[in-house]
Amino acid sequence: MFSVERLAALPPLAKLLCWCCVLACIAAALNLGAMSVGAEFSLYEKSTGGTAMTLIALGTLLGMMAMESHPYSAYGLVVDAKWARRAAVGFAAGAGFYLAYLLFAGGFGVAITRPQLCSPGRWLRALLVIPAAAPVAVTQQIIFSGYLVALLRERHTRAFAVTIPAALFAAATAAGEPGGLLGPAGVRLFASMFALQVLLATLRLRTGSIVLPSAILAGAI
């Protein structure tokens with residue numbers, strides 16, 4: 001028989017597997033529902049679908065956190081006296097690194113700018129995305145640097161607790177690329193997002209909070 005106590009007592013990897021199975025079932029049900037009514041909607045898209053999937057993942061994960069007896073601070077959900085400084089430094093580092101990345105790519109001719117496409121409407125849409133960067137980054141870090149890292153850290157090494165959530169984060173990010181995870185774009189994005197999430201999770205373990213990794217990710221977004 002199913003019970004909250006029995007689920008809470010499962011080993012970390014078993015809990016992680018249950019969470020992934022629940023997400024897969026919800027995603028499949030919603031996609032089938034959208035297909036049955038002829039709606040052009042997919043949870044694997046990067047826009048509306050990706051946002052919906054993130055919210056679903058966060059909701060189910062908060063339910064699992066509620067079953068645990070640990071305080072939220074154990075998952076990095078804590079604000080200390082240095083949070084504002086860490087947030088500012090992290091945001092500047094994330095934005096600065098991405099700007100340097102674009103300049104580096106432009107210098108080698110990999111990134112090409114097309115000023116004629118930068119219409120006022122496109123600039124306005126870009127500016128409207130900025131306020132959403134912080135909530136998206138915080139949500140992702142609650143999942144991948146907060147709960148999942150803390151869950152696996154209970155019985156496994158630090159390296160294992162960091163790399164498994166990083167692989168899940170990278171797979172979720174690259175799944176919507178043309179060709180999926182096995183396509184050229186998907187493989188490149190998986191590798192880069194895996195490395196990024198390993199860094200963010202390591203910073204979360206060193207600082208004890210998700211503030212710094214969330215700020216870095218928000219700056220890059």
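How many nonpolar, polar and charged residues are in the lining of the second largest pocket? By class, there are 16 nonpolar, 1 polar and 3 charged residues in that lining. Keep that in mind for the legends below, and remember that this is a predicted model.

View 1. A compact globule of 221 residues would have a radius of gyration near 17 Å, and the chain's 19 Å agrees with that. Take the contacts between residues at least 6 apart in sequence: 69% of them join residues at least 24 apart.

**View 2. Here is the surface of the chain.** The accessible surface comes to about 13,100 Å². Carbon and sulfur atoms account for 72% of that surface. As for the inside, 32% of the 221 residues count as buried.

View 3. Which helix gives the most to the lining? That would be helix 5, with 8 residues. Helix 4 (83-107), helix 5 (120-153) and helix 8 (211-220) each bring at least two residues to the lining.

**View 4. Gln197 sits in helix 7.** This helix covers residues 184-207. Is Gln197 buried or exposed? Gln197 counts as buried because its relative accessibility is 0%, and the cut-off for buried is under 20%. Look around Gln197 and, setting aside neighbours within four places in sequence, you'll find it in contact with Gln141, Phe144, Ser145, Pro165, Ala166 and Phe169.

**View 5. Asp80 lies in a loop.** The loop in question runs between helix 3 (48-67) and helix 4. With a relative accessible area of 31%, Asp80 is partly exposed, since that label goes to values between the 20% and 50% cut-offs. Now find Gly208, which is 128 residues away from Asp80 along the chain. How far apart are the C-alpha atoms of Asp80 and Gly208? They are separated by 9.6 Å.

Methods:
Residues are numbered from 1 along each chain as its sequence is written. This is a predicted model: local features need pLDDT of at least 70, side-chain atom pairs count only at pLDDT 80 or more; totals for chains, interfaces and linings use all residues. Side-chain values use heavy atoms; hydrogens and water are left out. Helices (H or I, at least four residues) and strands (E, at least two) are DSSP runs, numbered from the N terminus. Ala, Val, Leu, Ile, Met, Phe, Trp, Tyr, Cys and Pro count as nonpolar, Asp, Glu, Lys and Arg as charged, and the others, Gly among them, as polar. The radius of gyration is taken over C-alpha atoms; the globule rule is 2.2 Å times the number of residues to the power 0.38. Buried means under 20% relative accessible area, exposed over 50%, partly exposed in between (1.4 Å probe, protein chains only). Contact means heavy atoms within 4.5 Å. Accessible areas come from the Shrake-Rupley method with a 1.4 Å probe; for residues, only the protein chains shown count as cover.
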